[in-house]
Amino acid sequence: MKKYLFILVAMFAMSTAAFAQKGVTAFGVQGAYDDWNGQFGLGVKVQQGFADQFRAEIGADLFFKKNDISMFDVNANFHYVIPVAAEKFNVYPLAGANIAFFNHDIPTRIGLNLGGGLEFFITDTVKIIGEAKYIISDNGFSRFGANLGVGFLF
């Protein structure tokens, strides 16, 4: 009997972790880096879990002026969340779209995001988020971006 009870509890725990993202909304703030001009910035993002381990995210980063150039970056990504340590630590690959706007005569750039991230839950409603991505963009404007921030679930 104890053996069956243990199996039942283990199955319930695994299913809880697997479906933890469905219907969950998170808002985050982050520091960002883009290697094209070596710029740092600040950003925000909103994440919405929509099916089991799949989540959509939209975010924007404003990069501080460097070499008289500032950049505003908008991203729309999809994540496949993989629980690693119960409900405390997740990793995810990401794919999505990017559009970058500039304050100079540099044309707007459109690109494809490919990368990954990780999140560590401090509490049930607060998590630390880290991401890295490669942005494949038009006209040879491909670049690397990374961010580190905090997210709040509600």
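Modeller: P83 stands opposite N90 in β6. This is a predicted model, where local features need pLDDT of at least 70, side-chain atom pairs count only at pLDDT 80 or more, and totals for chains, interfaces and linings use all residues. Residues are numbered from 1 along each chain as its sequence is written, and side-chain values use heavy atoms, with hydrogens and water left out.

Colleague: What counts as a strand, and when do two of them pair?

Modeller: Strands are DSSP runs of E, at least two residues long, numbered from the N terminus; two strands pair if DSSP finds at least two bridges between them. Here, β1 (residues 25-34) and β2 (residues 39-51) pair in the antiparallel sense over ten bridges, with Y33 partnering F40.

Colleague: Which residue in the turn between β1 and β2 has a positive phi?

Modeller: G38, at about 65 degrees; four residues lie between the two strands of that hairpin.

Colleague: And how is empty space found?

Modeller: Rolling a probe the size of a water molecule over the atoms shows where empty space is left. A cavity is a set of points, on a 1 Å grid over the protein atoms alone, where a 1.4 Å probe fits but cannot get out; lining residues have an atom within 4 Å of a point. The volume is the space filled by probe spheres set on the points, which are joined across faces, edges and corners. The largest cavity holds about 60 Å³. Among its 13 lining residues, Q30, K45, E57, N75 and K133 are the closest to its centre, and β3 gives the most to the lining, with five residues.

How values were computed
1 Å grid on protein atoms, 1.4 Å probe; cavity = no way out; pocket = protein on both sides within 12 Å on 5 of 7 lines; lining within 4 Å.
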